[in-house]
Amino acid sequence: MDVGEGPSRAQHAPSITREDIIKAGHTLLIKIPSGDIRSIKLEKDATVHLGKFGSFHGNELVGQPFGLSYEIVDKKLKVLPPRPMQEVEETEATNELINDEQAVQPLRPDEIETLKKSGLHASEIIQKQIEQHATFALKTEYSKEKYKKRKEMKYSKHFTVIEPTLFNVCQYWFNKDQNRLRDIRPDSLAQIVNLANIRPGGRYIAVDDASGVVVSAILDRMGGEGRLVTICDIDSPPAYPVMVQMNFRKEAVAPIMVSLNWAAADEDYTPIIASSEPPAGKFKSDGQRTRLNKRKIASDALLQTREELFNGEFEGYATSPRIEAVF
Amino acid sequence: MWSTAREIAAGDVVIAWMTRDLIQPLVITQGGELNSKYGYYRHDELIGIPYGSKVRSRNGKGFIHLLRPTPELWTLALPHRTQILYLADIAYVTAWLDIRPGSKVIEAGTGSGSFSHSVARTVGPRGHLWSYEFHETRAAKAREEFTRHGMDDIVTLAHRNVCKDGFTVEDTVDAVFLDLPAPWDAIEHAKKALRKDRATRICCFSPCMEQVLRTVSTLNDAGFTGTSSFTGPLISRPLRPALTERLVTDITMYETLLRPHMVEAPPPLEKVGSVSARLQVADARREEKRLRQIANARLGIERRAAKRKADEDADEEGQEGKRARTGGETGGDELVSPEDQARDEAEALAEIHPTPVPAASSTPAQVVHSAASLEEETAAEPRKITLSKAFPDVRGHTSYLTFAVLLPVAASGKPEGSALAATEAQVCYSVTDPHGMR
């Protein structure tokens, strides 16, 4: 019988592809009380504005683990503990005696504004509204919960930082704009990446016209090891906007991912490469030397990537293409 | 895990793909043989062949494909000792639990090792899987497979009843997957094994809703919360509020349905032109028949009148001779079938009224016209439609997946006076909040 390995109080190795804690420069997925999720870039020493929910110093979040909820108090943050689900006792209440004709809430909007300005906490405002409500006591327990929830959504000043897992980022994008993701849902994405046997150290080719969600999934599962060649249909390096919310570490991406366009990926085509030798035979200026050097590096990289692709030995091909992609 | 060489070598595990429904593992041995419905193969002849090759059998009876194993192929090929998880569930759970290279994962129970192989592949050499199986024989079989597949560095298998005795690591793992009859008994143990400095995740896989209810309740009591991301389809439970959005969303449950689909290309749809033509022809025929019946009726009357007269004349001459004479011709009147009668009468009608029925003349021309336009339309490429439909009688319920998150405490070590000191600041919203601070 094995006695399982595994130290108690293990020393946790930092995660390979993504940061474990919030850092300046991260693009965060912030969930606000209304239920919406906003993508917000955390700039160093800058203030984060959440519209009517308030604003706070961005540095308060630096060093925090992902997934927690906070309340904004004087531009600073208080951590909110997770709230467990409540069991609600059923009562005999019905709406038999509740009349909707008269107004039931005597507190006027301007009175509420005053209360807000006086620094009263959201829960206290809601409490006042409940006390003044003419028929609150008559409501069913479910209805009371629903009422409180609605008010919380209006007056609360808290938010949650959503952990940028592949699942969450894909879900965020899917809800925001399904079309740009070519309808790839988190469960579909999960199947793609499993079926393609994406694993650390593997070599893959990808064609991604779904804003980079497939590329992000592949990178996430490669763990900073292996090689990914992406082929795109535009001239300049592809954008892959989904990668922004993933907050990949540079070391997990730059060494392993390269990109080619369809023409450059064609073995029968020779890309047009401008010369990197000075026409006059010698460099006219330092500026020209630097420029030509840069050009040489870029064209060498291009040719090398082509060679790599043509040499083959890739083990997987994942694609979500706009065009008919057949090798 | 498995061979990464180009060619098959002795000792390799290979996936022999016969048909979509017949996929089996093969351990290549010197002198070994494979004899199946799809042919006879000597292992010695398979050695050196590139992975992925199609191989014809010696006796010409068929062919197979020899594939490099992947966890997905293994799931389809492995010998079942228990009900297993398939790709749809495995992929979803892996993604939800954020299992990736370097992850530390617990699985209970191991079962037939379907999920285990997928996790080992995903976490890689820098990650680890602790897998627990309480059935001794199954544990042994799984251990044997993990060793043969080169997984011993990544997977630690323990023969252990985790509900009674807990797990073997503490404050270590990122994710826990429980596929047990009574997962609620393992939840407190799971909490100990999970690391506390990051958000960690748990999934409980149960076929029955009653199990889900009890699991949710136990998770809630143990301090697990929702996804801290998105609301999944919430279950409505008796005695509990059917909540919609929450700041930190609730423990969520998903149901996976695995359904086969039939895919077919139906014949091209009939065009309006041809339907119309068909109806016009039917119209014409109906009119023709109606007019024929009228003519027959008229003819019938005339014939019967003539017959009556003939009978009367014959009666005067005497009965016997008449009967004999008329027997063959008109005596069989009642026995003549209606169709024959109609035909006779039609011919008679044609003699009397040689002009063709007007309605009938209009249709041939029209039909020809429709047929011509129909030909034109079919000359253009008909659009091919492919339909996919789930088999109606297959629900495909595999299980209910209940997911929850264990949130970390906030990062402490903040400067004095910071509002983020973890001991401070608990805010109660609900007027009746029995749980208070945590």
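This is a predicted model: local features need pLDDT of at least 70, side-chain atom pairs count only at pLDDT 80 or more; totals for chains, interfaces and linings use all residues.
I started with T94(B): at 1% relative accessibility T94(B) counts as buried, where buried means under 20% relative accessible area, exposed over 50% and partly exposed in between (1.4 Å probe, protein chains only). T94(B) sits in helix α3 (residues 87-96) of chain B; helices are DSSP runs (H or I, at least four residues) and strands likewise (E, at least two), numbered from the N terminus. I looked up what T94(B) touches and found R221(A), I99(B), F115(B) and T122(B), not counting residues up to four places away in sequence. Contact here means heavy atoms within 4.5 Å.

Residues are numbered from 1 along each chain as its sequence is written, chains are lettered from A and ligands numbered from 1 in the order in which they are written, and side-chain values use heavy atoms, with hydrogens and water left out.

Next I checked I15(B), in strand β1 (residues 13-19) of chain B. I15(B) counts as buried because its relative accessibility is 0%. Leaving aside neighbours within four places in sequence, its contacts include H65(B), L66(B), L67(B) and W74(B).

Then I went to salt bridges (a side-chain nitrogen of Lys or Arg within 4 Å of a carboxyl oxygen of Asp or Glu). I noted E308(A) with R227(A), at 2.9 Å, N to O. That pair links helix α9 (residues 286-311) and strand β9 (residues 227-232) of chain A, 81 residues apart. Both E308(A) and R227(A) are buried.
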